[in-house]
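Please work through the exercises below with the sequence and the structure at hand, and try each task before reading its solution.

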Amino acid sequence: MSRPVSRVLTLLELLQSGGVRTVAELADRLGVGERTVRRYVDHLVDLDVPVESVRGRYGGYRLAPGHRMPPLMLTDDEALAVLLGLVAGRRTGITAAAGTAGETAAAKVRRVLPERLRDRLDAVLDSLTFTTAPTGSAAPDAAVLLPVADAVRHHRPLAIRYTGGSGAGSGSGSGSGGSRSGRSGSGERTVYPYGLVAHAGRWYVTGRDLSVGADRTFRLDRIHGARVLPGTFEPPPGPGPAERVLTALATAPYRHEVTVRVRGTAEEIRARLPRSVAVVAAADDGGGEGGGWCRVEIRAERLDWLPGLLASLDRPFVVERPDELRGLVADLAGRLMDAARGAAPPRD
């Protein structure tokens, strides 16, 4: 059972959420009797928290309008959640905090915590290790993220200045965020933003690029200016923002366009191939002996990693293109056969 001080803090949080809270509602949320609720309210009043009593059928308690609470009042669990969230966010790249913003935010949280709680949280953070290496993230600037989010939420057009991976100003914003293709020149473009997506340590916005009349995906760390424009638009039906971004990443223009037919259902194959890696669809030839086939399309700069990936599917497959991949698959098959026979590798 939680201590009374924790319940008093919970009562304060409920009142901070706004509106009038009835005594019965507060008692139910706190798991105490109505008399105890009144006692907790007296505790808050003793701490100079202006709790007002509202009479009548729908009466109860509320905070005085316009009152500003102290900057931070956290329970042990809340403080731990905040600090661990900042640490994990920096490790995974999900925290949109450029430079040292995440570290300074954590320092400010620690500074206002009671010494007893601060020491206990430091023990957790000092003893914590991760099994994965830090993600090389590219956090967007708040000056970009905030207007983009506002435009997405209110379905407003967005003016952006974008630089593709090649360094060309106002790059084409292709499925890879403009990293493989671009058009020369600079200036603003207008986008109807459908949604924000965080993926693999990067932030993306997907939407309609009015300058080319097509859907595009843009990396936020390559946007150097964003302005919300007047007017509104209606987001189109169809895939959600996450699916749009993953499909864009999987179909980005790379050096090699690979097509492979794999026996199995789309669900079975997608369990092994993430949407950000491959596009999977049922093949036109349908079923046939031994079950159906799917066509898998992959874009890649190099082919050397694909034979192992295809072998890991543990399903029959046929390489349709490119011819070079067939040779790499045959080479891997030969090495696997030598290993199975126990043949010694050739000496240098």
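Predicted model: local features only at pLDDT ≥ 70, side-chain atom pairs only at ≥ 80, totals over all residues.

**Exercise 1.** Classify the ring pair of Tyr-194 and Phe-233, and state which parts of the chain the pair ties together.

*Solution.* Begin with the geometry: the ring centres are 6.5 Å apart and the planes stand at 50°. Since planes under 30 degrees apart count as stacked and those over 60 as edge-to-face, with the rest as tilted, the pair of Tyr-194 and Phe-233 is tilted. Next, locate the two residues: Tyr-194 belongs to strand S4, while Phe-233 is in the loop between S7 and H8, so the pair ties together parts that are 39 residues apart in sequence. Finally, consider accessibility, where Tyr-194 is buried, as is Phe-233.

**Exercise 2.** Describe the aromatic pair formed by Tyr-192 and Phe-233, and name the cluster to which these residues belong.

*Solution.* The count of aromatic pairs comes to three. One of them joins Tyr-192 and Phe-233, with 4.6 Å from centre to centre and 0° between the planes, and this pair is stacked. Tyr-192 lies in strand S4 (residues 189–199), and Phe-233 in the loop between strand S7 (223–228) and helix H8 (241–250), so this pair links parts that are 41 residues apart in sequence. Tyr-192 has a relative accessibility of 26% and therefore counts as partly exposed. Together, Tyr-192, Tyr-194 and Phe-233 form one aromatic cluster.

**Exercise 3.** Where is Arg-21 found, and which residues is Arg-21 in contact with, leaving aside its neighbours within four places in sequence?

*Solution.* Arg-21 is found in the loop between helix H1 (4–16) and helix H2 (23–30), and with a relative accessible area of 14% this residue is buried. The side chain of Arg-21 makes a polar contact of 2.5 Å with the side chain of Glu-25. Once the neighbours within four places in sequence are set aside, Arg-21 is in contact with Leu-14, Leu-15, Leu-26, Arg-29, Gly-60 and Tyr-61.

**Exercise 4.** How are H2 and H3 oriented to each other, and which residues meet between them?

*Solution.* H2 and helix H3 (residues 34–46) pack at an angle of about 95°, and their axes are 9 Å apart. Angles from 65 to 115 count as roughly perpendicular, and H2 and H3 are therefore roughly perpendicular to each other. On the H2 side, Val-23, Ala-24, Leu-26, Ala-27 and Leu-30 meet Glu-34, Val-37, Arg-38 and Tyr-40 in H3.

Key: Residues numbered from 1 in each chain as written. Heavy atoms only, no water. Phe/Tyr/Trp six-rings, centres within 6.5 Å; stacked < 30°, edge-to-face > 60°. Helix = DSSP H or I, 4+ residues; strand = E, 2+ residues; numbered from the N terminus. Buried < 20%, exposed > 50% of the residue type's maximum accessible area, 1.4 Å probe, protein only. Polar contact = N/O pair within 3.5 Å; in protein donor to acceptor, adjacent residues only side chain to side chain. Contact = heavy atoms within 4.5 Å. Axes fitted to C-alpha atoms, helices over the stretch in contact; angles between N-to-C directions. Parallel < 35°, antiparallel > 145°, perpendicular 65-115°, else oblique.
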